[in-house]
Structure formats: C-alpha cells, structure tokens
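Let's take a friendly walk through a protein model. Have a look at the picture below, then read on.

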Amino acid sequence: MKRHFDVLVVGAGSAGSVIASRLSEDRSCQVGLIEAGMMPSDPDIADPLKWTVLQGRTYDWAYRTVPQPFTANRVHEWPRGKIVGGSSCLHAMAYVRGHPDDFEPWAAAGGERWSFSGLLPGFVRSEAFTAFDAPSRGRSGPLDIYLPDTEVSPVVRAYMAAGQAMGIPVLTDHNSGELAGTSPNSLNIRAGKRLSVADAYLPPEVIERPNLALLTAHEVEHLVLKGQRATGVAVVCDGESMTISADRIVLCAGALSSPLILMRSGIGDADTLKQAGIRCLADRRDVGRNLQDHLLVLGNVYSTKKPLPPSRLQHSESLMYLHGSDPTRSTGSPDIVLACVVAPSAAEGLSAPPYGRLSRF
Ligand SMILES: Cc1cc2nc3c(=O)[nH]c(=O)nc-3n(C[C@H](O)[C@H](O)[C@H](O)COP(=O)(O)OP(=O)(O)OC[C@H]3O[C@@H](n4cnc5c(N)ncnc54)[C@H](O)[C@@H]3O)c2cc1C
C-alpha cells in the first residue's frame with residue numbers, strides 16, 4: 001500500500017468526506033482518507049425514522065461525558081459516528097445553515113472568507129435544493145436539501161399555526177435569511193432515504209478515483225512531528241502499527257477526536273499533557289477546551305384526544321428558533337430552539353413511553 005500522500009485527510013465523516021472529495025477533483029493530487037470505522041452496511045441507517053435507534057451500535061463511538069455540573073452531575077451518552085459518513089450516518093438530518101450573524105466571530109478570527117457572505121458560494125455549490133428558486137440557493141450540488149410539504153405531520157402544522165397565532169414569524173424554510181420563526185425542517189433526505197455526507201460526496205465514482213485512497217478500519221493514534229511540522233500519522237489497523245506520511249494533513253476527526261489526536265501528539269495545554277504523561281511539544285491551552293453542545297432531548301410528552309398518524313419523515317419535523325427575550329422578533333441570531341417531535345420523546349437516552357399509551361409523568 002502507498003505510504004505517502006500529497007494530502008492526508010483524517011476522518012471520513014461529514015467534513016472529511018467533503019474535503020477528500022473536493023481535493024481529489026485535481027487528479028494530480030494524491031489524497032489519502034483515513035477512517036477508523038467501516039463502510040455503512042446496516043440498512044437501518046438509510047431509514048430516516050430509525051435514527052433514534054442507531055446509537056450504541058458498533059459504528060457509534062458511544063462516548064460518555066464526565067459528570068456535568070450544569071446538569072446535576074449527570075453523565076451523558078455522547079453518540080458519534082465511527083463509520084464512513086461519520087456522525088452524518090447517525091444524525092437527525094435537519095439541514096440548517098445557521099443565521100448569518102453566527103458567522104461573525106469566525107470572520108473576526110479568520111477573515112472575510114469565513115463570514116456568511118464569504119461562505120455563501122460554498123453553501124450554494126454544495127446544495128441540491130429544488131423546492132423554490134432563489135439566488136442564494138444551490139440547485140445542482142451533491143447534497144440534497146429536501147423541504148417537505150404534504151408529508152408534514154398534522155401535529156407540526158398545528159404547532160406552527162399555534163406559533164403564528166402567538167405572533168411568532170412564519171418562515172418558508174430555515175435557510176432563506178432569517179432564522180427566528182416556525183418552519184418545517186429542511187432535511188438531508190434523497191428519495192425517502194437518509195443522505196449522509198459520504199453518500200453525497202463519496203459516491204462510488206469518487207471512491208474509485210485513482211488518486212483517492214480510502215483506508216477504512218485505520219485508527220490514527222497521533223501525528224508524527226519533525227520539529228514544528230507534521231509529516232505523517234501513526235495508525236493502527238488490525239492490531240498492526242504503521243506510519244503514513246503526507247505533505248499536508250487535514251484533521252477532520254470531529255470535535256472530540258481532532259483535539260484528542262493533537263493532544264496525544266504533544267500539542268495542547270502543558271499541564272494537562274503532563275498529567276497524562278505526554279511530552280508537550282507545543283503549549284496550546286485552548287486545544288481540548290471550550291466544547292459546547294446541546295442535550296439531545298429534554299422533552300415534555302403530550303397525549304392527544306384522538307389517534308394521530310406517525311411521522312412520515314424523521315420524527316423531529318420542526319425546529320422553532322426564537323429570541324428568549326421577545327419570541328415575536330424576526331431578525332438577528334436567535335438563542336432558543338424548540339423542537340416539535342412527532343413521537344413520544346422525553347429525556348435522557350431518548351427513552352419515552354410507547355406510542356399510544358396514556359401516561360402520567
Ligand atoms: C444523534 C445526533 C443527531 C444529530 N442531529 C443533527 C441534525 O439534525 N442536524 C445537524 O446539522 N447536525 C446534527 N448532528 C451533528 C452532526 O452530525 C455533526 O455536527 C457533524 O456530523 C460533525 O461532523 P464532523 O466531520 O466534525 O465529525 P464526524 O461526522 O463525527 O466525523 C468524524 C470522523 O472521524 C473519524 N475518526 C475519529 N477519530 C478517528 C481516529 N483517531 N482515526 C481515524 N478516524 C477517526 C470518525 O470515525 C468519523 O467518521 C447530530 C449528531 C448526533 C450524534
């Protein structure tokens with residue numbers, strides 16, 4: 001097997017699939033894509049309704065947090081995809097670009113190209129969105145953005161109508177400018193099936209490019225550094241250790257594994273590395289810090305007076321973004337999101353009463 005690449009992308013998840021696909025369009029660029037997991041083989045992944053039952057399977061890293069002081073010291077399950085497609089094989093398929101204001105800190109840190117307007121051509125190029133025409137929406141990209149219409153549940157319609165009656169803005173969708181208001185979710189679904197980022201960006205004709213090598217079941221332990229420069233990665237495959245070298249390395253191993261790989265390589269907070277017995281090569285205090293996430297579900301379950309049909313999409317059909325201080329405000333980056341879930345969905349680990357049971361909590 002080839003052991004040197006022009007670019008080595010670590011992690012074939014949401015980010016890595018795009019980067020490896022785009023870089024290997026240049027046939028003179030030899031790209032290696034390293035993934036700890038395997039190609040998807042579980043048919044449940046493609047079924048949008050089954051996303052809630054995929055966690056804990058062999059292709060979930062199934063992390064657990066340390067006790068969290070802001071949730072009464074609970075230890076939380078933390079699903080992350082260990083598979084080609086990464087967490088986009090486990091996720092809930094909602095496609096929300098974010099509010100343009102959300103990108104301002106990125107532009108302040110990285111320059112104008114990281115602002116919303118700087119990134120817009122990238123969004124447009126990536127999207128296949130056909131619900132309506134707009135200059136800010138892409139029609140012919142690899143990533144299908146499906147805006148459902150007739151499939152939207154009557155529960156979600158009633159939920160949006162209730163929001164409207166309260167003065168909450170009504171949106172055509174979440175990706176047309178403002179974000180505060182009610183809308184059905186736009187979904188990464190193609191022909192009724194989940195479209196992972198790997199489905200979109202690494203179809204067989206891309207994986208078969210002669211200048212792209214996808215190495216599955218290869219787990220990166222750490223970077224190989226020569227002085228201040230990374231020249232390769234130390235990898236384990238089938239219990240065998242090896243080194244793969246590259247001119248450039250792009251870490252796309254996710255919000256947990258990318259900093260973990262850096263820290264195992266001696267790049268991180270010197271005190272933390274010392275406690276772990278790792279020699280510090282670059283004292284970078286923010287590596288492995290400041291992670292933020294949201295709880296997967298913290299819900300109220302309601303019973304209805306008459307039977308309702310189950311979701312025809314992926315249960316979580318509508319996100320309602322709001323300003324906590326004024327839910328009728330229509331502009332600016334919202335700070336609250338409510339989800340209308342068309343299934344009983346209560347709390348930790350997505351546990352809930354079965355459909356149709358009258359419950360008292
Ligand atoms: C249950 C759930 C529901 C979600 N719902 C939504 C949603 O509806 N909408 C939305 O926008 N987002 C959602 N998300 C979040 C979204 O999936 C992630 O933000 C996104 O996939 C992260 O992309 P990434 O490329 O950073 O990481 P990932 O997609 O996780 O990719 C990282 C890849 O790196 C690999 N890797 C890690 N460590 C190593 C190593 N040492 N060696 C080799 N390979 C390695 C992993 O196996 C993985 O394939 C959800 C996530 C979860 C878990």
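How many nonpolar, polar and charged residues does the shell around the ligand have? Keep in mind that this is a predicted model.

## Around the ligand

Sorted by class, the shell holds 16 nonpolar residues, twelve polar ones and four charged ones. Of the 32 residues around the ligand, the ones that come nearest are Gly11, Gly13, Gly86, His91 and Ser257.

Some of the shell can be traced to particular elements. α1 (14–23), β10 (219–226) and α7 (254–264) each give at least two residues to it. The largest share is from α7, with four residues.

## A closer look at α7

Which residues of α7 are buried? They are Gly254, Ser257, Pro259, Ile261, Leu262 and Met263.

Just after α7, Gly266 has a positive phi of about 90°.

## Two domains

Now zoom out to the whole chain. The domain assignment gives domain 1 (1–93 + 195–252) and domain 2 (94–194 + 294–350). Their C-alpha centres are 26 Å apart.

Where the two touch, 13 residues of domain 1 are in contact with 17 residues of domain 2. On the domain 1 side, that makes ten nonpolar residues, two polar and one charged.

Terms used: Residues are numbered from 1 along each chain as its sequence is written. This is a predicted model: local features need pLDDT of at least 70, side-chain atom pairs count only at pLDDT 80 or more; totals for chains, interfaces and linings use all residues. A residue is near a molecule or strand if its C-beta atom, placed from the backbone, lies within 6 Å of it. Ala, Val, Leu, Ile, Met, Phe, Trp, Tyr, Cys and Pro count as nonpolar, Asp, Glu, Lys and Arg as charged, and the others, Gly among them, as polar. Domain bounds come from an automatic or database domain assignment. Two residues are in contact if their C-beta atoms, placed from the backbone, lie within 7 Å. A residue is buried if 20 or more other C-beta atoms lie within 10 Å of its own, exposed if 12 or fewer, and partly exposed in between; C-beta atoms are placed from the backbone.
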